[in-house]
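I am opening a notebook on this structure. The entries follow the order in which I looked things up.

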Amino acid sequence: TEGTETTTTSEAPPAGDPLLLASLLPITGDLAAFGPGMQNAVALAVQEANAAGGVQGADVTLDNFDTATNPDTAQAEADKIIAGGYQAEVGAAASSISLSVLEALTGSQVIMVSPSNTSPQFTTVDSGGYYFRTAPSDALQGEFTASLVTKRGTPKVGIIYRQDSYGEGLLGAFKDNYGGEVAIEVPYNPEDFDAASIITQLVNAEPAAVVFIGFPETGVSIHQEAFRQGLLADDQSIPWFYTDGMLDDGFVESTGLDAALFAGFEGTAPGSPEGEASSQFAERYAAAYGDDFTLFAPQSYDAAWLVILAAQASDGTSAGIQSAMVGVSKGGEKCIAEACLALLLADPATDIDYVGASGEIDFKDGSGDPGSSLYQVWSFTADGTTQQDQLVENPADIQ
């Protein structure tokens with residue numbers, strides 16, 4: 001009849017499984033400076049996805065688990081994730097923590113997407129294809145750090161490194177690319193170490209500079225002892241260099257030492273390109289949480305979004321998501337966040353190429369490694385916070 005509208009009284013049932021997503025990140029412990037920001041970024045991605053229509057006809061469910069940067073705690077939390085039937089989790093943060101839970105999680109077909117695992121071990125780890133990471137390997141960061149130290153005219157270094165897969169991987173990569181003399185390399189066990197002994201060994205080796213490969217919480221006592229023994233000096237006659245694990249605005253204050261001791265000391269870390277995706281993320285993160293994002297928050301956001309998109313592009317099962325992860329990360333129509341999801345909600349078979357807040361991800365077939373990388377050179381400022389000084393694609397580009 002004229003004027004009568006046709007209405008739909010029922011909708012087709014969802015095509016696949018709703019997404020249960022977990023985060024497994026360090027809210028407490030040695031990496032607590034970064035974990036909350038990473039967790040916030042995952043939550044932001046989930047909120048955006050749900051506001052845009054969700055996955056497989058339902059909202060994405062997100063639950064958070066704290067590794068405490070401790071392998072025993074992480075294993076107990078991983079057991080909860082497995083028992084809870086989560087298809088995927090974002091985490092862990094520390095390489096050693098991920099290695100401690102990888103067999104259990106991936107063996108149970110829970111997809112792991114780490115935003116910050118950088119150990120070279122993960123390139124060849126046996127995960128059945130269920131492990132991915134959105135941060136580049138330390139094989140690259142070691143090269144960037146070696147270039148930085150070399151370009152500062154440093155002929156002889158002493159190295160303090162965390163005795164785990166993170167520290168050992170970065171140590172090896174640095175030494176492979178550093179042309180100067182390594183006077184001494186001193187490992188430390190983060191669960192049990194003697195800061196006085198560590199620093200005494202370095203003082204006796206008389207390095208021209210110190211390379212510290214560690215995290216903030218354990219770094220506090222090591223730097224306090226370095227000041228007591230004159231290795232961290234008022235005249236900065238012995239510069240210190242750092243990696244991504246120390247890019248923490250609160251670290252200097254937590255030592256109780258004068259910020260002038262650290263001002264200008266430099267480090268390297270994965271960086272994010274300037275562009276629409278990174279700017280959009282920064283604006284949304286600040287609006288949601290009232291603060292700037294912290295290290296590895298963009299990579300966490302990207303990890304969550306890639307799982308969300310792979311879930312919509314497949315049947316939503318763990319196996320389906322795993323099979324779609326590489327495809328949504330490269331090779332198709334470039335898009336950002338909800339724009340990608342909108343394409344897949346209209347047609348799950350659409351070939352998309354997610355452009356992340358941390359850059360182009362482009363997962364490599366077989367390894368789960370990102371196919372592109374960008375690094376920043378950062379430094380401590382006069383007030384003890386940190387700043388980005390350079391953003392480079394190649395070690396030789398460091399100025």
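**Entry 1, aromatic pairs.** I searched the whole structure, which is a predicted model, for aromatic pairs and got 21 of them. I picked out Phe251 and Phe262, whose rings are 6.0 Å apart centre to centre. Their planes make an angle of 90°, and I noted the pair as edge-to-face because planes over 60 degrees apart count as such. Phe251 belongs to helix α8 (residues 251-255), while Phe262 sits in the loop between α8 and β10 (266-270). The two are 11 residues apart, and the pair links distant parts of the chain. Are Phe251 and Phe262 buried or exposed? I found both of them buried.

I then looked for the group around this pair. Phe251 and Phe262 belong to one aromatic cluster, together with Tyr188, Phe193, Phe212, Trp240, Tyr242, Trp378 and Phe380.

I moved on to Thr381, in the loop between β14 (375-380) and β15 (386-392). Its relative accessibility is 14%, and since buried means under 20%, I wrote Thr381 down as buried. Leaving out residues up to four places away in sequence, I listed what Thr381 touches: Ala259, Ala263, Thr386 and Gln387.

I counted secondary structure next and recorded 12 helices and 15 strands. The radius of gyration came out at 22 Å, close to the 21 Å that the globule rule gives for 399 residues, so I noted the protein as being as compact as a globular protein of that length. I also took the box filled by the C-alpha atoms, which is roughly 95 × 40 × 35 Å along the principal axes.

How many of the residues count as buried? The figure is 54% of the 399 residues. For contacts between residues at least 6 apart in sequence, I found that 71% join residues at least 24 apart. The accessible surface is about 15,300 Å², and carbon and sulfur atoms hold 46% of that. I counted charged side chains as well: 12 are positive and 56 are negative. The centres of these two sets lie 9 Å apart.

I looked up Val90 in strand β3 (residues 88-91). Its relative accessible area is 0%, so Val90 is buried. Beyond residues up to four places away in sequence, Val90 touches a run of partners that includes Leu21, Ala22, Ser23, Leu24 and Leu25.

I placed Ala92 in the loop between β3 and α3 (95-107).

I noted two residues other than glycine with a positive phi. Phe296 has phi near 70° and is located in the loop between α9 (276-289) and α10 (297-312). At 5% relative accessibility, Phe296 counts as buried. Asp362 has phi of about 50° and lies in the loop between β13 (359-360) and β14. With a relative accessible area of 23%, Asp362 is partly exposed.

Is Lys334 buried or exposed? I found it exposed, because its relative accessibility is 51% and the cut-off for exposed is over 50%. Lys334 is part of strand β11 (residues 333-335). Residues up to four places away in sequence aside, Lys334 touches Asp353, Val355 and Glu360. Glu360 is 26 residues from Lys334 along the chain, and their C-alpha atoms are separated by 9.7 Å.

Last, I looked at Pro348, in the loop between α12 (337-346) and β12 (352-356). Pro348 is partly exposed, at a relative accessible area of 38%. What does Pro348 touch, not counting residues up to four places away in sequence? I found Gln312 and Ala313. I also took the distance to Asn64, which is 284 residues from Pro348 along the chain; the C-alpha atoms are separated by 28 Å.

Key: Residues numbered from 1 in each chain as written. Predicted model: local features only at pLDDT ≥ 70, side-chain atom pairs only at ≥ 80, totals over all residues. Heavy atoms only, no water. Helix = DSSP H or I, 4+ residues; strand = E, 2+ residues; numbered from the N terminus. Rg over C-alpha atoms; globule rule 2.2 N^0.38 Å. Buried < 20%, exposed > 50% of the residue type's maximum accessible area, 1.4 Å probe, protein only. Contact = heavy atoms within 4.5 Å. Areas by Shrake-Rupley, 256 points an atom, 1.4 Å probe, with all protein chains shown as cover. Lys, Arg positive; Asp, Glu negative; His and termini not counted. Charge placed at Lys NZ, Arg CZ, Asp CG, Glu CD. Phe/Tyr/Trp six-rings, centres within 6.5 Å; stacked < 30°, edge-to-face > 60°.
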